[in-house]
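Hi,

Here is the structure I promised to pass on. Have a look at it first, and my notes follow below.

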Amino acid sequence: MNFFNRSSKTAVLDHAFDAPTTVVEDITGDYTIDPTHTRLGFSARHAMVTTVRGQFTDFAGTAHIDTANPAASKVELTIQTASIDTGVADRDGHLKSPDFFDAEANPTITFVSTKVERDGDDWTIAGDLTIKGVAKPVTIEFESTGSAQDPFGNLRVGFEGATSINRKDWGLSWNAALETGGVLVSEKVKLEFDVSAIKNA
């Protein structure tokens, strides 16, 4: 299910940004996802030759993190389906239509964790992803990217993660055949998460 292993995850984080900070050793606590500094992204192949990327811009989520007992941790996320944004209005309209998400009839996408494991800075979160009323299990590997005290007194924690899914498992099966073989839209979709969460007061 996951589309990269630990070594490639590290490579993804090993880029030109400043090194992450760690202001607390134990990040145990209750958190609220900060949507203004979080990206819930996705990518899929188009016409077998290029990659289309997008994101959801309206969502809310909470997390309970327990570093000593990771199994007690949990995550809940609700995404507004109609907030899908690929940068092209016509394409977004098609994705919101009954051919894909049918956003009018299915206004939200949800994720609820069922199992959380930890190995150092790596976290594995399994849970149920519900799209168009269909709940299927997914597993997402995350790496902690540090903690920081922002200028407004908030304790923030960061995580980056990803997985891949087959969209047909959730009934997102629309496609069109290409004259040269293959299909217009790949069944495999990569999901990418850049998360900033604020510890609750």
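A quick definition to start: a residue counts as buried under 20% relative accessible area, as exposed over 50%, and as partly exposed in between (1.4 Å probe, protein chains only). Please keep in mind that this is a predicted model, where local features need pLDDT of at least 70 and side-chain atom pairs count only at pLDDT 80 or more, while totals for chains, interfaces and linings use all residues. Residues are numbered from 1 along each chain as its sequence is written, and side-chain values use heavy atoms, with hydrogens and water left out.

First, the overall picture. The protein chain has two helices and eleven strands, and from the N terminus its elements run α-β-β-β-β-β-β-α-β-β-β-β-β. (Helices, H or I with at least four residues, and strands, E with at least two, are DSSP runs numbered from the N terminus.) Of the 201 residues in the protein chain, 40% are buried.

Now the aromatic rings. There are four aromatic pairs in the structure; rings of Phe, Tyr and Trp (its six-membered ring) pair if their centres lie within 6.5 Å, and planes under 30 degrees apart count as stacked, over 60 as edge-to-face and the rest as tilted. One of the pairs is Phe42 with Phe56, tilted, at 5.7 Å centre to centre and 50° between the planes. Phe42 sits in strand 2 (residues 39-46) and Phe56 in strand 3 (residues 50-56), so this pair ties together parts 14 residues apart in sequence. Both Phe42 and Phe56 are buried. Another tilted pair is Phe142 with Phe193, at 5.8 Å centre to centre and 50° between the planes. Phe142 is in strand 9 (residues 134-149) and Phe193 in strand 11 (residues 185-199), 51 residues apart. Phe193 is buried, because its relative accessible area is 13%, and Phe142 is buried too, at 9%.

On to the charges. You will find five salt bridges, each being a side-chain nitrogen of Lys or Arg within 4 Å of a carboxyl oxygen of Asp or Glu. In one of them, Arg156 meets Asp34 at 2.7 Å, N to O. Arg156 lies in strand 10 (residues 155-166) and Asp34 in the loop between strand 1 (29-33) and strand 2, so the bridge ties together parts 122 residues apart in sequence. Arg156 also forms a salt bridge with Asp150, with the closest N and O atoms 3.0 Å apart. Both Arg156 and Asp150 are buried.

Cheers
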